[in-house]
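Here is a briefing on the structure shown below. The points are grouped by topic.

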Amino acid sequence: MSPSIAVYCGSRLGDSTAFVAAARELGRLIALGGSTLVYGGGRVGLMGAVADAALEHGGSVVGVIPKALLDREVGHNGLTEQHVVRTMHERKMLMAERSDAFIALPGGIGTLEELYEMWSWQQLGYHDKPVALLNVDGYYDALLEFTRVSHARGFVSEAQYGALLVDDRADRLLARVLEAARNATAPDDYSRA
């Protein structure tokens, strides 16, 4: 069975056409590879771009959106599955449970929260699924420098520092993520999260 890939990204487009192009490319590659896209359920911003591209290429797309955000993020009506949940906590948990890997595209503080939550849960042993960052147009350079400093100053272990998969090309990153997902062996234990 092909893995399900969670993609975290902005409900806005950002200031570069490279962001939209990368979102569309990632959605296309996920679909053509036979994987399922799991994402935040909106049809605007980069969320809409990644979902639309996956759907256009015959992919299966699962959206998870809180009721309170359904109107603000403009819920996507054309998905394979759309789950409307009560809270952000439920959204993140359902996305985690339904996914075999996690990739962050450019986005704002919500995207960062989701990325760091999955990365910290990996560190805590709640899952051993790959966590990845698509660094489009240098968007995450400052964050990666901060992470390097956190590692150098003793707050991020060597193992966890090396666990975050990073690339600036969707095809290379997705290949690494799929390989890591195939090698993941530990069962999820989100009951402690």
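Residues are in contact when heavy atoms lie within 4.5 Å. By that rule, F19, V20, A23, R24, G27, R28 and A31 of α1 meet L46, A49, V50, D52, A53, A54 and E56 of α2. The model is predicted.

**Helix packing: α1 and α2**

- Helix α1 spans residues 17-32 and helix α2 spans residues 45-56.
- Their axes lie 7 Å apart, at an angle of about 35°.
- The crossing of α1 past α2 is right-handed.
- By class, the contact of α1 with α2 has nine nonpolar, one polar and four charged residues.

**Helix packing: α4 and α5**

- Helix α4 covers residues 109-123, and helix α5 covers residues 141-152.
- They pack at an angle of about 35°, with axes 14 Å apart.
- α4 and α5 make a right-handed crossing.
- From α4, the contact uses L112, L115, Y116 and W119; from α5, it uses L143, F146 and T147.
- The contact of α4 with α5 has six nonpolar residues, one polar residue and no charged residues.

**Aromatic pairs**

- The structure holds five aromatic pairs.
- One of them joins Y8 and F102, which are stacked at 6.2 Å centre to centre with 0° between the planes.
- This pair links distant parts of the chain, 94 residues apart. Y8 sits in strand β1 (residues 4-8), and F102 sits in strand β5 (residues 101-104).
- Y8 and F102 are both buried.
- Y139 and Y140 form an edge-to-face pair, 4.8 Å centre to centre and 80° between the planes.
- Is Y139 buried or exposed, or partly exposed? Y139 counts as partly exposed because its relative accessibility is 38%.
- Y140 is buried, because its relative accessible area is 3%.
- Ring pairs tie F19, Y139 and Y140 into a cluster. F19 is also among the α1 residues that meet α2.

**S35: a buried loop residue**

- S35 lies in the loop between α1 and β2 (36-39).
- S35 counts as buried because its relative accessible area is 6%.
- A polar atom of the S35 side chain lies 3.2 Å from the backbone oxygen of P3.
- Beyond its neighbours within four places in sequence, S35 is in contact with S2, P3, I5, I30, S60 and L178.

**D100: a partly exposed loop residue**

- D100 lies in the loop between α3 (88-98) and β5.
- D100 is partly exposed, because its relative accessible area is 33%.
- Setting aside residues up to four places away in sequence, D100 touches P3, S4, K129, P130 and A181.
- The C-alpha atoms of D100 and A181 are 6.2 Å apart, although the two residues are 81 residues apart along the chain.
- P3 is among the contacts of D100, and P3 is also among those of S35.

**K92: a buried lysine in a helix**

- K92 is in helix α3.
- Is K92 buried or exposed? K92 counts as buried because its relative accessible area is 5%.
- Leaving out residues up to four places away in sequence, K92 touches E113, E114 and E117.

**D137: positive phi**

- Most residues other than glycine have a negative phi.
- D137 is not a glycine, yet its phi is positive, at about 55°.
- D137 lies in the loop between β6 (131-134) and α5.
- D137 counts as exposed because its relative accessible area of 58% is over 50%.

- H151 is found in helix α5.
- H151 counts as partly exposed because its relative accessibility is 22%.
- What joins the side chains of H151 and E158? A polar contact of 2.7 Å joins them.
- Apart from neighbours within four places in sequence, H151 is in contact with V156, S157, E158 and Y161.
- H151 and D100 are 26 Å apart in space, C-alpha to C-alpha, and 51 residues apart in sequence.

Methods:
Residues numbered from 1 in each chain as written. Predicted model: local features only at pLDDT ≥ 70, side-chain atom pairs only at ≥ 80, totals over all residues. Heavy atoms only, no water. Axes fitted to C-alpha atoms, helices over the stretch in contact; angles between N-to-C directions. Helix = DSSP H or I, 4+ residues; strand = E, 2+ residues; numbered from the N terminus. Left-handed = near helix turned anticlockwise from the far one by under 90°. Nonpolar A, V, L, I, M, F, W, Y, C, P; charged D, E, K, R; others polar. Phe/Tyr/Trp six-rings, centres within 6.5 Å; stacked < 30°, edge-to-face > 60°. Buried < 20%, exposed > 50% of the residue type's maximum accessible area, 1.4 Å probe, protein only. Polar contact = N/O pair within 3.5 Å; in protein donor to acceptor, adjacent residues only side chain to side chain.
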